[in-house]
Amino acid sequence: MGNYVGKPVKRREDARFLKGAGTYTDDIKLRKMTQSAFVRSPYAHAKILNIDTSEAKKAEGVVAVFTAQDGCGEFGVPCGWQVDFKNGETMREPKHPLLAKDKIRHVGEAVAIVIAESLELARDAAELVSVDYEELPAVTDPKKAMDKDAPLVHDDWKDNAAFDWCIGNDRAEVEAALEKAHHVTEMEFRNQRLAPNAMEPRSYIADYDVNGDKWTLYTSTQNPHLIRLLMCAFALGIPEQKVRVVSKDVGGGFGSKVYHYTEECLVTWASKEIGRPVKWTSDRSEAFLTDAQGRDHVVKSKMGFDKDGKIVAHLTDEYCAMGAYLSTFAPAIPTYLHGTLFQGVYTTPLIHLNVTAPFTHTVPVDAYRGAGRPEATYLLERIVSKGAREMGIDPTEIRFKNFIPPFDGVEQEGYQTQVALQYDSGNYEGVLKKGLEMLGYEDFRKEQSEARKNGKLIGVGFSTYIEGCGIAPSAVVGALGARAGLYEVGQVRVQPTGKVSVFTGSHSHGQGHETVFAQFVADKLGIPMDDIEIEHGDTDQVAFGMGTYGSRSLSVGGSAIMKSIDKILEKGAKIAAHKLEAAEEDLDYAEGKWTVKGTDKSVSFGDVSLTAYVPHDYPEGLEPGLDFSSFYDPANFTYPFGTHIAVVEVDADTGRVMLNRFIAVDDVGNIMNPMIVDGQIHGGVAQGVGQALLEEVVYDEGGQMITGSYMDYAMPRADDLPMIETANTVTPCPHNPLGVKGAGEAGTIGSTPAVVNAVVDALAHLGVTDIQMPLKPQTVWKAMQN
């Protein structure tokens with residue numbers, strides 16, 4: 001550990017944000033820039049009979065009005081992952097049009113774009129577009145979407161299934177084990193749909209340069225290169241070298257800004273049509289109606305135990321909504337990011353998961369913070385706790401009985417699961433033991449017993465989770481359906497003065513990359529952090545990278561940078577050896593200088609850098625310069641894990657849940673910056689608690705979203721959360737050079753079942769065994785009465 005790694009260095013990027021000096025897409029102003037507004041369907045399912053744009057075209061300040069009939073109707077945004085049916089049938093992949101032409105498939109789907117001199121004029125003119133619809137029946141529930149008489153979302157197929165899929169052991173073998181089990185616990189529930197609600201709404205500006213025949217797209221994306229690839233190769237057919245994608249500061253994403261959206265593609269197309277820049281920024285209402293949403297699984301599960309509480313088998317059937325179209329990574333979420341985590345942290349010998357993924361008349365579903373792993377963890381941690389209570393076993397004891405034994409992935413081989421993956425390293429009992437110490441578990445149970453005598457309802461809930469991050473390697477995920485590689489690029493350019501520019505394909509939208517990346521680069525090179533700048537988010541500046549999602553930035557992006565630093569130091573050693581008249585193997589490198597072993601003869605990093613660019617006295621045959629780029633394709637996922645513990649009190653009169661304590665003990669491998677890790681955990685816990693207690697996207701039977709504003713969609717606030725108590729264990733990842741695992745999603749994955757388990761624990765003596773999320777006061781109160 002050097003001067004920076006492992007220290008709570010304050011985020012360098014915050015200075016500009018706190019001063020209002022950030023550059024978000026909506027802040028950008030271009031010469032002759034126009035503004036756009038969309039005409040969106042008020043129906044979930046309808047035929048489009050006629051669109052009349054004549055009045056809108058005559059309105060003040062209108063530059064253009066386009067519908068699908070005006071040339072953009074031939075284009076559609078692609079899906080980036082393919083999951084075929086179990087019987088071999090190819091995944092059903094309907095065209096996702098930039099503008100709906102003949103039929104509407106969800107509320108908010110766009111039918112026209114109005115471009116004007118100002119946003120106000122564009123919105124006024126949009127109201128003048130007249131659309132005649134014939135409303136049709138809709139289906140929004142993923143299980144009901146598979147009913148024989150369910151309305152079809154797409155008429156090309158006989159039912160609404162996009163695909164079905166399974167993983168694990170043979171189903172018959174699992175069913176037979178359940179038949180023989182001493183005890184079987186069953187659960188049925190819906191992991192409700194969530195809206196991502198990034199602080200900054202989506203925003204795009206497309207600028208076509210007629211002289212250079214080149215487009216520049218400014219976009220609030222997590223993934224600039226992927227957007228360029230999808231738009232050029234699959235959507236619009238533009239030569240890739242003619243498109244520059246720029247994503248400067250981004251105000252949060254949580255997965256929702258990974259995907260290629262129709263609006264992003266349409267403004268790019270329109271900018272050439274009118275010969276001027278076109279801008280669109282979503283308002284909050286549009287965000288509810290159009291941002292890809294998360295979760296929405298209908299689950300039926302059985303878990304079998306022997307007489308001692310050891311798990312013998314686990315069988316699950318799920319209906320996982322895709323929404324009206326397949327979003328960029330949507331098919332991967334209930335399959336390879338969900339089913340492959342069904343082992344959890346337990347030695348379950350037999351597992352089978354069956355997934356049916358139907359289209360519904362709703363906004364498309366894709367990755368939302370955690371992406372498939374929160375859904376897997378919620379099921380496992382709820383059913384294990386429910387089984388423990390049914391068998392009269394303490395919820396911590398049943399976990400200790402079933403934990404995978406500790407392994408480091410070096411001396412002890414990685415753990416091979418029943419669901420394809422091999423875990424890298426872990427000590428699952430260690431994090432639970434640490435959490436119990438922080439809680440004071442025995443004392444809590446005594447306090448709970450006394451409280452119940454006085455009518456006070458308090459409870460504790462546990463969640464011991466694992467997640468897969470840094471999805472890889474590319475060859476494996478390609479075989480599993482990915483239509484892109486999942487490597488990362490890192491370029492390290494040393495300037496003649498010894499200052500360093502780092503170019504990364506990872507993208508920051510709140511994670512603190514400009515700080516953390518500079519920390520380990522500074523330590524590795526032995527130079528001050530102030531001598532290092534981190535660049536990202538511009539496809540003309542950075543080599544092709546894969547962006548940020550799945551807690552991959554440090555484990556994949558950071559590892560790519562480390563490979564380039566190794567190359568810098570290897571070449572630097574050759575130059576230093578020449579200058580010191582010594583052999584390379586006789587040199588040590590530390591604190592920013594090469595030293596001849598056993599002497600005080602040394603040469604600094606800055607001197608070597610200058611020599612590389614002014615090669616007057618230089619090793620023969622060595623090319624000038626000190627600038628290297630590397631691609632890193634991981635050998636495996638990384639597997640962070642942890643224990644989350646919630647302590648709640650339930651108001652006996654109203655059913656309101658108060659979260660009194662929250663303990664998060666996480667193992668994210670080596671920690672570069674503990675302050676930033678804690679911040680990631682805090683934010684994730686807030687979102688996980690939000691799902692447990694407050695958040696839910698609700699559609700009525702006609703497909704109308706009835707939670708389309710903050711008046712109806714409840715978000716967690718400061719007074720909903722206690723001070724979050726964090727701690728860590730450190731089990732390094734054995735297969736990447738930083739030994740890191742990822743921290744961005746851990747809080748969301750572990751927290752939700754901990755809170756629900758705590759509420760059920762508080763009410764268990766009243767006969768409550770399960771409550772459907774979100775645990776709003778009226779829901780909890782009804783459970784208490786029943």
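Is L610 buried, partly exposed or exposed? I am working with a predicted model, and in it I find L610 partly exposed, because its relative accessible area of 45% lies between the limits of 20% and 50%.

I then looked for the surroundings of L610 and noted that, together with Y613 and V614, it forms a nonpolar patch on the surface, for which I have about 230 Å² of accessible area in total.

L610 belongs to helix α15, which runs over residues 605-613, and I listed the buried residues of this helix as F605, V608, S609, T611 and A612. Looking down the axis of α15, I see these buried residues fall within an arc of 165°, so they line one face of the helix.

Next I turned to an open sheet of three strands, whose order I recorded as β6-β2-β8 with antiparallel pairing. The edges are taken by β6 (103-104) and β8 (130-135), each of which has a single partner strand, so one side of each lacks a neighbour in the sheet. For the pairing of β2 (residues 46-52) with β6 I noted two bridges in the antiparallel sense, and I found A46 opposite I104 of β6.

Finally I checked the protein as a whole, which has 18 helices and 28 strands, and in which 61% of the 786 residues count as buried. Its C-alpha atoms fill a box of roughly 85 × 75 × 50 Å along the principal axes, and its radius of gyration of 27 Å agrees with the value near 28 Å that a compact globule of 786 residues would have.

Note on methods:
Residues numbered from 1 in each chain as written. Predicted model: local features only at pLDDT ≥ 70, side-chain atom pairs only at ≥ 80, totals over all residues. Heavy atoms only, no water. Patch = residues over 30% accessible without salt bridge, like charges linked within 9 Å, V, L, I, M, F, W, Y side chains within 5 Å. Areas by Shrake-Rupley, 256 points an atom, 1.4 Å probe, with all protein chains shown as cover. Salt bridge = Lys/Arg side-chain N within 4 Å of Asp/Glu carboxyl O. Helix = DSSP H or I, 4+ residues; strand = E, 2+ residues; numbered from the N terminus. Buried < 20%, exposed > 50% of the residue type's maximum accessible area, 1.4 Å probe, protein only. Pairing = 2+ DSSP bridges. Arc of directions from axis to C-beta. Rg over C-alpha atoms; globule rule 2.2 N^0.38 Å.
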